[in-house]
Amino acid sequence: MKLHSKILAFIACAISICVSCDDDTASIGATIMPVQDSLSTFYETFPLNTRSVITGPVVANTSSCFIGSFYDPETKAVTTSSFLAQFHLQEDYSLPSRDVVLKDESGNIVADSCVIRIFHDKYYGDSLTTMKLTATDLRLDNVMEENMTYYTNINPKEYVNPTPKVKASTTYTVIDQNLSQYETSLSSGNYHSIPIHLGSEYGTYILQNFYDHPEFFKNSYTFSHHVCPGFYIEHTGGLGSLVNSDVSVLDIYFRYQENDTTVTKAWMRLGATQEVIQNTAINHSNLESLIDKDGYAYDKAGHPLTYVKSPAGLHTEITLPVGQIVAGAHYNDTLNSARFTLRRYVAEEQNSCLLEPPTHLLLIRKSQVEEFFSKNTLPDSETSFLCEYSTKNNAYTFNNIAPLITFLRKQRDNESGVQPGDSEETRKAKWQKWEAENPDWQTLVLMPVTADYTTVQNYYSSQKVLVSVRNDYNLRSVKLEGSKNGEVQLNVIYSRFEK
């Protein structure tokens, strides 16, 4: 009996252990949390006031240049663009020796011809519209410098040579009708290009400097400051197309003779690349008519909306109601999430020339915009956020800007002198004084940007890594819901421990 009793006791103990070791851990947190504390969550919505603002000049340094003039059928705005470009010279650049290069009757080195080619694979508008541009060399006594920041309202006339060595105009269409369909097809491997023939004299000027002053050809800096400071490519006629050029080149053609019987054709090619400066000058007309004096816009039916238009056209400002979000009982709450969506309006009139929406929008504090772009900063997901356009949802969604609201709350408290023991009334008095001195403290802007990524490969997978965010110089436009009457809502989730 004693043995039997011991066995029963052992079985009962084992059953008790099995029950205590249940795999379900869902209640662990609740069992270890003090009985007097419990976590509560709250959900609230706040209206966002949005308005459209004319962007004005933005940083103009870019690897892409634009030439032409385009009429936007949706906004009725005309965008006209020209650009200035320097040409990159590789270090220790070499040409055949002076002795073998063909010369004129006086024994002077001569070029056969000189051409600027504007290569492009993207355009906006009508590819068959006749356009006109003019190329003029820039001045040597006012060269664009790498350590300077240039903007899209740059005045090209300040850099144009008042007594130009060369000034050449050409008419063109985006698709050259003198070439075959195969030659103008990108699938053939050929870039579209706009040639600007400068004549042989400018090419001769370059070659003669190369042989007379080799020290001027040490690198791009010496070349631009002593020989060729660049060219102004100016739109001078036509309306209907705008070309996006990734690279332009300066080609100098010449010949040399290595023996008595063989003459070889050669050329010297210099590219307008990222190593040197390209500045796009942009002008918009009719933007003012799209918005009222307070920045609010409406469609034909009177529905409120807001604009984002690039390059350097219109952007949206958002007033973030931080004071309401952290007011009263929510002052000490933890902000878990803050989310909002801007939906795109469908165009009222369908047209084949309608512009695409920006692929990315940057949400950033108004006070940070200038520094962000001039210093090539990346979004930090605290005071600046990047959002990609969703074709599926036809909208831009910022999933969580809670870190920004928390940052603004702390900044206002710290700079206004709020103390932990202050009453709500005391805090409000301090906030009011500080806000009067910092009127844009909770103003955000939505800017159209171009996001550049690189792919990082590891053993198991690849990952896209953001490497740069720049002002979007592509021609894009979008109408978004928004105004002053709560058309856009910020959805906020709080949490707090209840005692």
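Me: A salt bridge is a side-chain nitrogen of Lys or Arg within 4 Å of a carboxyl oxygen of Asp or Glu. How many salt bridges does a search of the whole structure find?

Reply: The search finds 21. Keep in mind that this is a predicted model, where local features need pLDDT of at least 70, side-chain atom pairs count only at pLDDT 80 or more, and totals for chains, interfaces and linings use all residues. Residues are numbered from 1 along each chain as its sequence is written, and side-chain values use heavy atoms, with hydrogens and water left out.

Me: What is the mean pLDDT of the protein?

Reply: The mean is 87, and 88% of the residues reach 70 or more. pLDDT is the predictor's confidence in each residue, from 0 to 100.

Me: Where does pLDDT stay under 50?

Reply: Over residues 1–33. For that stretch the model has 2 contacts beyond four places in sequence. Contact means heavy atoms within 4.5 Å.

Me: Back to salt bridges. Which residue does E234 pair with?

Reply: K157, at 3.7 Å from N to O. Strands here are DSSP runs of E, at least two residues, and helices are runs of H or I, at least four, numbered from the N terminus.

Me: Is K157 buried or exposed?

Reply: K157 is exposed, because its relative accessible area is 52%. The classes are buried under 20%, exposed over 50% and partly exposed in between, with a 1.4 Å probe on protein chains only.

Me: And which residue does D112 bridge to?

Reply: R255, with the closest N and O atoms 3.1 Å apart. This pair links distant parts of the chain: D112 is in the loop between β3 (78–85) and β4 (113–125), and R255 is in strand β9 (residues 241–257), 143 residues away. D112 is partly exposed at 37%. R255 is partly exposed too, at 34%.

Me: What about R343?

Reply: R343 bridges to E481, with closest N and O atoms 2.9 Å apart. R343 is in strand β15 (residues 334–343) and E481 in strand β21 (residues 476–481), so the bridge ties together parts 138 residues apart in sequence. E481 is buried, at 11% relative accessible area.

Me: Which residues are linked in a network of salt bridges?

Reply: R51, E317, K366 and D440.

Me: Change of topic. What does the side chain of H315 make a polar contact with?

Reply: The side chain of T55, at 2.9 Å. A polar contact is a pair of N or O atoms within 3.5 Å; within protein, one must be able to donate a hydrogen and the other to accept it, and residues adjacent in sequence count only if both atoms are side-chain atoms. H315 lies in strand β14 (residues 314–319). At 7% relative accessibility, H315 is buried.

Me: Which residues does H315 touch beyond four places in sequence?

Reply: Among them are R51, T55, Y307 and M447.

Me: Where is M131 found?

Reply: In strand β5 (residues 131–137). M131 is buried, at 1%. Its C-alpha is 8.0 Å from that of T236, 105 residues apart along the chain. Contacts of M131 include G68, Y172 and H235.
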